[in-house]
Amino acid sequence: MKTLEQAELRVHSFESGGTVDGPGIRFVVFTQGCPLRCKYCHNPDTWNPKNGKAYPAKTLVNEILKYKTFMTFSKGGVTFSGGEPLVQKESLVPIFEKLKKEGVHIALDTAGTTNIDEVTKRVVELTDLVMLDVKHLDPAGHKNLTGMTNEKCFDFLKLLKEKNVRTWVRWVVVPGVNDTEEYAHQLAAFLKPYDNVELVEILPYHKSGVFKWKELGLNYELNHIKEPSHEIIEELASILESAHIKTLYA
Ligand code: SF4
């Protein structure tokens, strides 16, 4: 594995006062590169692993540590999001090791799209909170929505359970795709064995990233889909709650 001095991380952008990517106030690192092609992606400009800017790992850690006081004070921390941060998992290891030594709370926002190997295991061991996107329970539905089936995501969830890592599952509710009461019941049943899953964050599908698709000359296939109503989100949440699964939604 690389040392902090050897590693570099390709970054799309930073956000220094994030409040929606984990607890407290967070410094968010949006990493570059993603193997999925979600039809509703808000950040298609993160897909190409060669774009963005490469930061020496040490420089990145020093940048994050500048915010340590406000992160600690707000019970927040740093969140690695993307893109898919696990694309650069070899570089995450020394960065996470150093942040851990410094007492910074580390969250990882991921779709779990990686092979389970020693590097993945080490990343997971060093992470305080994983926010795992479960995009579709059905392999064919997942492939249709993201371009890949869901085995890797589910293997990753099993690893999180084995390592007893605190996990929030994220469910982007897309009308006509995964927004039914039946789907909510299936999700509740699927998550039942995972006692490491603390809650399900329900995120209504929205179109705020569509302009980026246009800028990149990409065809946005979900234009006909409307954002789900608050009533639907509440209804889906109540199904999970009645199965004793905590929910979080705006
Ligand atoms: S995993 Fe995230 S970054 Fe990757 S395509 Fe899906 S929504 Fe976009």
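Analyst: The following account treats the salt bridges of this structure, pair by pair. The model is a predicted one. It holds 19 salt bridges. As a general principle, side chains of opposite charge can pair when their charged atoms come close.

Consider Glu5 and Lys58, whose closest N and O atoms are 3.6 Å apart. This pair links distant parts of the chain, for Glu5 lies in the segment before β1 (8-18), while Lys58 belongs to helix α1 (residues 57-65), 53 residues apart. Glu5 is exposed, with a relative accessible area of 58%, because exposed residues are those over 50%. Lys58, at 42%, is partly exposed.

A second salt bridge joins the side chains of Lys89 and Asp117, at 3.1 Å from N to O. Lys89 has a relative accessible area of 7% and is buried, because the buried class covers values under 20%. Asp117, in contrast, is partly exposed at 29%.

Helix α3 also contributes Glu97, and helix α4 contributes Arg122, 25 residues apart. The side chains of Glu97 and Arg122 meet in a salt bridge of 3.2 Å, N to O. Glu97 is partly exposed, with a relative accessible area of 30%, and Arg122 is likewise partly exposed, at 27%.

Finally, salt bridges may be joined into a network, as with Asp21, Asp109, Arg170 and Glu201.

Terms used. Residues are numbered from 1 along each chain as its sequence is written. This is a predicted model: local features need pLDDT of at least 70, side-chain atom pairs count only at pLDDT 80 or more; totals for chains, interfaces and linings use all residues. Side-chain values use heavy atoms; hydrogens and water are left out. A salt bridge is a side-chain nitrogen of Lys or Arg within 4 Å of a carboxyl oxygen of Asp or Glu. Helices (H or I, at least four residues) and strands (E, at least two) are DSSP runs, numbered from the N terminus. Buried means under 20% relative accessible area, exposed over 50%, partly exposed in between (1.4 Å probe, protein chains only).
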